[in-house]
Each structure stands twice: as C-alpha cells, then as structure tokens.
Amino acid sequence: MAISMTVVISCEKNNVVVPLVNPDVNLMNTLFISDTVMHKMDGIYELVDGSGDLGTEFVCKVSKSKVSFFSNSGGIYVILQYGLNPNDGSIQFAGFWRYSENTAQGLINLSLTAGEGGSDLLKSGIIRLLTISGNFSGSNNSQQPIRIKFKRAFSQYAINHEFMIFAHHGVQTTANPPYTENSLNGAIHDQDYGVNGLEYDVHLTRDHIPICAHDASIDLRVTEKGPLSGEYIQYDFAFLDSSVRLSDGEKISSVEQVLNVFIDSTTLKYMWLDVKGDPDIFKYLEPLVRGAYEQAAKVNRKIVIITDLTSDEVISEYQSWPSYSSLPTMSELSLDNAILHNCKYWGPRYSLGLLLDEVDKAHSLGIKVLSWTLNDKNLISDYLINGKFDGFISDYPAYVVYDFYTLF
Amino acid sequence: MIMKNYKFYLAILFCFFSLNLLAQKDNRGQVKKHRFSLYVGVGPNYYFNNLVIAKNYVQPWNYSLTARLMWEPEHFISLGIESGYYQLYTVKYTAPSLWPARVTKIAVPVQLVVSMKFLKNYYADLSIGQSNLVDKFSSPDMGSFETSSWSLADFGITLGYKYPINNRVSVGAESKFFHSTKNKDSNLALVFMVAFNF
C-alpha cells in the first residue's frame, strides 16, 4: 500500500511548454536578411548596460533563420527572429528568452541601429563596434533594459575544430521541453538551440516504416491520451499517423520525414540515428539514408548520418544486412567493438569517465568519439576542459555552446 | 495532474484511516460464527471520458465484475483483497475518416481492501493496489491482438449497502469509484452483489 501511494504522488507527465510567440510590431514590414550576412554576428558579447538578469556574457550563434544568444547564467538562451527596417536601416530582433532547466521564459526585443554597427554588418561585415539594445520582460513582467556589445569573434581553434553538439532526441527533453521529443518540430527548430546535430531514435512499424520514437511502446509520456497502447511495431504507420498525436499535437514522425526537414529546413550537419533494434530494421533504413545523402547532394548540403549500434541485438541485425556497412556507423558498446565493426564513431556513456587513453587510440585510428548524455553544467565544463571528445549529446545544449566558445 | 491532486488523495486517506481508528471499538458480547465473506458482484459502469484522441468515439457505458474476499471480525473494520474485471471503455474507429478498428480497455485490479461499517447495513471501502490493464485491439487490416501493462498505484472507493437474507447470505448494492494512475482512467460502477459468509 505504501509503495502504491508513493507511486501515486510521484507520477508527473513531462509536459511540453511551447516557446512564447513575440507579437513585436517592429518586425512587421522589415526586409529579409540572409543568414550568410547574419552569420557575421557570431561571436562573444558582453553586457555593457541595463539588467544582468539574463547574464553578463553571451555566445551568439546564427542558425538558418534565427539569431540565438547563450548566456553565462543558468543556461539562459535567447532566440530571435530578425529583419531590416528599410526606413532607418536598423536591424530589428524579436523573440523570447528562457532557462534551460526550468520553464521560466519571457519576451525580448532588440534593435541594432545603423549607427551602432547595423550598417557595417550589412555592407562590409565589420562588426567590431556592434552594440545591440532593447528590453525584455523579467520574471515579474516588468520591462528591463539590456544593452550588449560585441566583445570578440570565436577563436580560430573554435572555428577550425568543429565540436559536435547533438540535441538529445530534441532539446530539454528531461522536463518541459519546447517541443515533443523525436518530433518534426524539434528537427526543424533544434538548431536554434545551438546544436549542429540531432540525435533521434528509430523504431519500426508493422508495415516496415522506420519512425522516430524513443520507447518501443505508445506512452503517455510523449503522446496525448488516446485508446491505443502497445508497441509501435503492432500498428501500420498510416494508422499511427491518423490515430496518435504527440503531446504537442504533432503526428508521429517517420525517419523519412525527419530526414527531409533535416536537409531542407535546417543547416544542421549531423544526424545521429539511435537504432533500437526491430527485426530487419537496417533493410528498411538503408534506402532512406542513401536517399537522404542523394537529396542533400542535390542541394549542396554536406551532411553526415551516423547510425548508432546500441546493443548486441542491433549489431546482430546490422550484420544481417551487409550493404549497410558502407554507411557511417557508431558503436556504443566499446572501442574494440567499434574497431571490430569498422565504425567511424564510438559513443561511450559519459559515466565511464574521460577515457583519455581510449579516446587517443580511437583518434589514432580515425574514429571520432561522442559522449552521451551530458546534462550537468559542471560536468560539461569538466569534459570540455579535460576531455578529448569530438562531441556531446545533451538535453541542455546551451551549456555546451556557451562553454565551448568561451573556453576555447 | 496526479501531482497536483496528491494532497486530495492524501486527505482522503487521512480521513479514512482516522475514521477507521474511531471504529476500533469492539462489539462486546457478539461473537461471530463466520468471519470471512466472499462478495461477488456485477453491474454497469460509466467511464469518465478524458481521452484527447478519438474522444467522440468512446462508448463510456460498460460493465464491471467484482470479487472480494474479506476477513470480518467483530470490529467495525474488516480487511480483505479484491479483484475484478472492469471493462472501462470501447472505442470504435469508423471509416472513412478513420481506419476501421475497435479497441476495448479493461482493468483487472488486485488490491488490498480496508472496509468500515458506519451504519447498520452500510459500509465504505478503500482499496489500493495494482491493476493489469488489457487492451483488446481488432482491425480488418492489422488483425486482432492484446496488449497489457501494469498500473502500480491504483485505488478504489466503495460505498455499499448489504441486506442479510440469512446468517450466510446477503445481497446488496455498491457504488464503486475506480482510478487507475498509469493512464489516468476513472470509472464509476453500480454493482449488484451477493455476499456469502463462511
């Protein structure tokens, strides 16, 4: 009876808390600016005036259509839309700020005037004097001013040593994520949260359609309540498509759908497919992965799709479909296992430690090493400073982004 | 949702056990010959439809079967175990807007019961335990299959009336509220029952 009551009071659904929509009128009637131009904003910024509630130092990263800032305080990040005001030449920004590990969020509006760097950014790409001002809604809904200034560009080391940052089946999926995990919305928007890769999970349906889902079974943790239960592999994809909704109202995503938006709607480079091991999964996954490479080549996108061999059962399936071995794979089991199966990646669990000797050995063999899943801020810093990994999976990529670009 | 309501659940528990403590006064002079009772009942139940998907396809009226073995000493409270077969709801997906399919949701609880008499023939039960949740799915395209899972922290509240026909047999009716935490399913059943003392 005591156990039952403990379970009763401890159950809580992992609810989606969608990002705020900023109705800022300053963005209306602004003109499009290409992300190529905006990428010149990438760098480190510091607070020079106004409230420090959002932090005092920020890493700025530009994604396909947003400008994002990652703070030195509490994993706070700011995601902004932008446009050029044709009347005064200023660049207007509007969006939201939010903590990584709780649901506190608010609206923020910024402006980069022509005289404070906007003109230079658009014309010559010089941003040394760039200063952005605006205000944001604080925790008590009061408007607080903020003024930040470009401090320095990313170091050559950070630019030349690409660090892989994967969103762990989406961002913030341990609690109150902005999107449901393994969803199309996540695939489209995760790059705004600082990652350059997605880690999504793969299961198979009854009619052999690979879908993106972490659990083998339909679970209220990530779906709205409906009458279906049991394993996805018991149902046809079209039936799941019509009869299951994720917790933010989206449909279940097929791997093909996710790969399509990954290529067409993002600038992300890496896709990590965490295969869960349904029978003949590689037979049905291979044409999708090869098709994605072909599609990416047509639009001059350089992508890497890493198929994760997560267990002996998955490896057994992998070995039963030999043609898959020419595609990039990763073993989670051990470095020796990765070497044995000619994997290009090895994915040790973070709790195994820094594994310095093993990582050196992997690098000497041309194998990249990705640690999973790092969520603790201090651990992320420690692994970045003292480790030799090539990338992390994290639910809180804002920590990784800030630390990587400010430490190196 | 459950987290938000846990104080409510704890309050129910507190009140119930407080009343149980008050009920510890024994009935001196009465020595029961039959201290065990088997209750068997059947009746309609109503499912509190909180589905988001296919909500309009839910048939909320179904039936419940219950069986309860109680140890009933001379005190006002008694203890026992309860099981049953609660058909919570049925969903019929219909073409052409939806794929034709039928899902029936069943709960088979296995629970400990604390019961207290509060008037001559009236009693209240609190049952807490686990339930096996069974879904029966059938579709022309995907065939028929069952899935099952355990819900570990379910509970029920029963208000009942029992009329003794003789010293061995009683008949009565119970209003039974059942809540399963795993999928947040609740129903209310009106069970007509027979009790055998032995």
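Me: At roughly what angle do the axes of helix α7 and helix α8 of chain A cross?

Reply: Happy to start there! This is a predicted model, in which local features need pLDDT of at least 70 and side-chain atom pairs count only at pLDDT 80 or more, while totals for chains, interfaces and linings use all residues. Residues are numbered from 1 along each chain as its sequence is written, chains are lettered from A and ligands numbered from 1 in the order in which they are written, and side-chain values use heavy atoms, with hydrogens and water left out. Helices (H or I, at least four residues) and strands (E, at least two) are DSSP runs, numbered from the N terminus. Axes are lines fitted to C-alpha atoms, for helices over the stretch in contact, with angles from 0 to 180 degrees between N-to-C directions. Here, α7 (residues 255-264) and α8 (residues 281-298) of chain A cross at roughly 15 degrees, and their axes come within 10 Å.

Me: Which word describes how α7(A) and α8(A) lie to each other?

Reply: Angles under 35 degrees count as roughly parallel, over 145 as roughly antiparallel, 65 to 115 as roughly perpendicular and the rest as oblique. α7(A) and α8(A) are therefore roughly parallel.

Me: Which residues of α7(A) and α8(A) meet?

Reply: Contact means heavy atoms within 4.5 Å. From α7(A), A:V255, A:E256, A:L259, A:N260, A:I263 and A:D264 meet A:L285, A:L288, A:A292, A:Q295 and A:A296 of α8(A). Of the residues in this contact, seven are nonpolar, two polar and two charged (Ala, Val, Leu, Ile, Met, Phe, Trp, Tyr, Cys and Pro count as nonpolar, Asp, Glu, Lys and Arg as charged, and the others, Gly among them, as polar).

Me: How do I read a pair of aromatic rings, and how many are there over all chains?

Reply: Such a pair is described by the distance of the centres and the angle of the planes. Rings of Phe, Tyr and Trp (its six-membered ring) pair if their centres lie within 6.5 Å; planes under 30 degrees apart count as stacked, over 60 as edge-to-face and the rest as tilted. The whole structure has 39 aromatic pairs. One of them, A:Y396 with A:Y399, is edge-to-face, at 6.1 Å centre to centre and 75 degrees between the planes.

Me: Are A:Y396 and A:Y399 buried or exposed?

Reply: Buried means under 20% relative accessible area, exposed over 50%, partly exposed in between (1.4 Å probe, protein chains only). Both tyrosines, A:Y396 and A:Y399, are buried.

Me: What does chain B contain?

Reply: Chain B has one helix and nine strands, and 47% of its 198 residues count as buried.
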